[in-house]
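Here's a quick briefing to read alongside the coordinates. Have the viewer open and click through the residues as they come up.

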Amino acid sequence: MPRLRFAPAAFLSAAPLLFVLLWSTGFLGTKGAARNADPFAFLTVRFVLAAGLMALLTAALRAPWPTRAQAGRAAVTGLLLHAGYLGGVTTAIWLGLPAGVTSVLVGMQPLLTGLLSWPVLGERVTARQWAGLALGFVGVLLVMEGRVLGDLHGSLGNPAALGAAGFALLCTTAGTLYQRRVGADMPLLGGTTAQYVASAAALGAVTLARGGGEIHWNAEFILSLTWLVLVLSVGAILLLMRLLRDLPAARVNSLFYLVPPLAVLESWLLYGERLSAASLAGLALCVAGVALAAAAPRPAARAGGS
């Protein structure tokens, strides 16, 4: 019986939506874990478990391991996309920056990635994609308006927290561009393992430098950690690495505009949090913006063709 294979076109059609759905649940999982653990200790445990699972998958599937040079490049990607981004966001919130303000600041990533895609990667962002990126950012602002406007003024007096959020923004942008530039030949499973090993080592060192961290191993923490490791650190990250390999960076990063709206919807469904008319309008703008930014460019017409 012939083996079934998914066509690349079918994968690239379904994978972005699946990635956004999985990634948007990270807020809910992190909320449960953060109530029961020191943030850096929690991230260290998460990355150690993710590295172990990815190593087991690599060995079980007999997938190729990265060469020393590839492992070094993967480590840089991991330090930026995992340790730097999540560590920066965690520090910002730990220092008192409201989650809504943090999400909006980090939400500038698609715009920054689009701005740098041409000089760094040679990937031209079309006028249609720029319109989509701008529309998506306006949508995020609308979705988060009730959570941000009341907190923004007070946040201006917290430069350390704002700096941590800015650091997270720079890390995730640089990590995306770096992975897109050097990751074409990276073994997917083995390379992701190297990313998590480097991230666990870095945040483990931060945890020790801060004197260690307390973790309450109760049911809420274990369930949250399990979800974050299996669904986010394994499933969603593998999808992201594959998308960055196959699609332009600006198109992939426009998908992140859908994460705050979906997180708000999930919080409304699970926790009964407020869902305003502005949030619904912002959700519609985010969807429209991503549709514009992520649309494949039209092929150029052939000379003499009809």
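Start with Trp23: setting aside residues up to four places away in sequence, Trp23 touches Leu232, Ala236, Ile237, Phe256 and Val259. Keep in mind that this is a predicted model. Trp23 is also one of the residues with the most contacts inside the largest nonpolar core, alongside Phe19, Phe42 and Leu240.

**Nonpolar cores**
- The largest nonpolar core has 58 residues.
- Helix H11, spanning residues 219-246, gives the most to this core, with 15 residues.
- Apart from that core lies another, of five residues, and Ala92, Ala161, Ala164 and Ala165 are among them.
- As background, nonpolar side chains tend to be buried together in soluble globular proteins.

**The chain as a whole**
- What does the secondary structure come to? The protein chain has 14 helices and zero strands.
- Reading from the N terminus, the elements go α-α-α-α-α-α-α-α-α-α-α-α-α-α.
- The protein chain has 306 residues, and buried ones make up 47% of them.
- Take the contacts between residues at least 6 apart in sequence: 90% of these join residues at least 24 apart.
- The accessible surface of the protein chain is about 14,800 Å², and carbon and sulfur atoms account for 70% of it.

**H6 against H7**
- Helix H6 (residues 109-121) and helix H7 (residues 127-143) have axes that come within 9 Å and cross at roughly 160°.
- An angle over 145 degrees counts as roughly antiparallel, so H6 and H7 are roughly antiparallel to each other.
- The crossing of H6 past H7 is left-handed.
- Which residues meet here? On the H6 side they are Pro110, Leu111, Gly114 and Leu115, and on the H7 side Trp130, Leu133, Ala134 and Phe137.

**Trp130, a closer look at H7**
- Trp130 sits in helix H7 and is partly exposed, with a relative accessible area of 33%.
- Leaving aside neighbours within four places in sequence, Trp130 is in contact with Leu111, Gly114, Leu115 and Val125.
- How far apart are Trp130 and Leu111 in sequence and in space? They are 19 residues apart in sequence, and their C-alpha atoms are 8.0 Å apart.

**H4 against H9**
- H4 and helix H9 (residues 159-182) pack at an angle of about 160°, and their axes are 8 Å apart.
- That angle makes H4 roughly antiparallel to H9.
- H4 passes H9 in a left-handed crossing.

- Beyond its neighbours within four places in sequence, Ser224 is in contact with Gly29, Gly32 and Ala33.

- Arg62 is not a glycine, yet it has a positive phi of about 55°.
- Where does Arg62 sit? You'll find Arg62 in the loop between helix H3 (39-60) and helix H4 (68-94).
- Arg62 is exposed, with a relative accessible area of 77%.

Definitions and conventions. Residues numbered from 1 in each chain as written. Predicted model: local features only at pLDDT ≥ 70, side-chain atom pairs only at ≥ 80, totals over all residues. Heavy atoms only, no water. Helix = DSSP H or I, 4+ residues; strand = E, 2+ residues; numbered from the N terminus. Buried < 20%, exposed > 50% of the residue type's maximum accessible area, 1.4 Å probe, protein only. Contact = heavy atoms within 4.5 Å. Areas by Shrake-Rupley, 256 points an atom, 1.4 Å probe, with all protein chains shown as cover. Core = buried A, V, L, I, M, F, W, Y, C linked by side-chain atoms within 4.5 Å. Axes fitted to C-alpha atoms, helices over the stretch in contact; angles between N-to-C directions. Parallel < 35°, antiparallel > 145°, perpendicular 65-115°, else oblique. Left-handed = near helix turned anticlockwise from the far one by under 90°.
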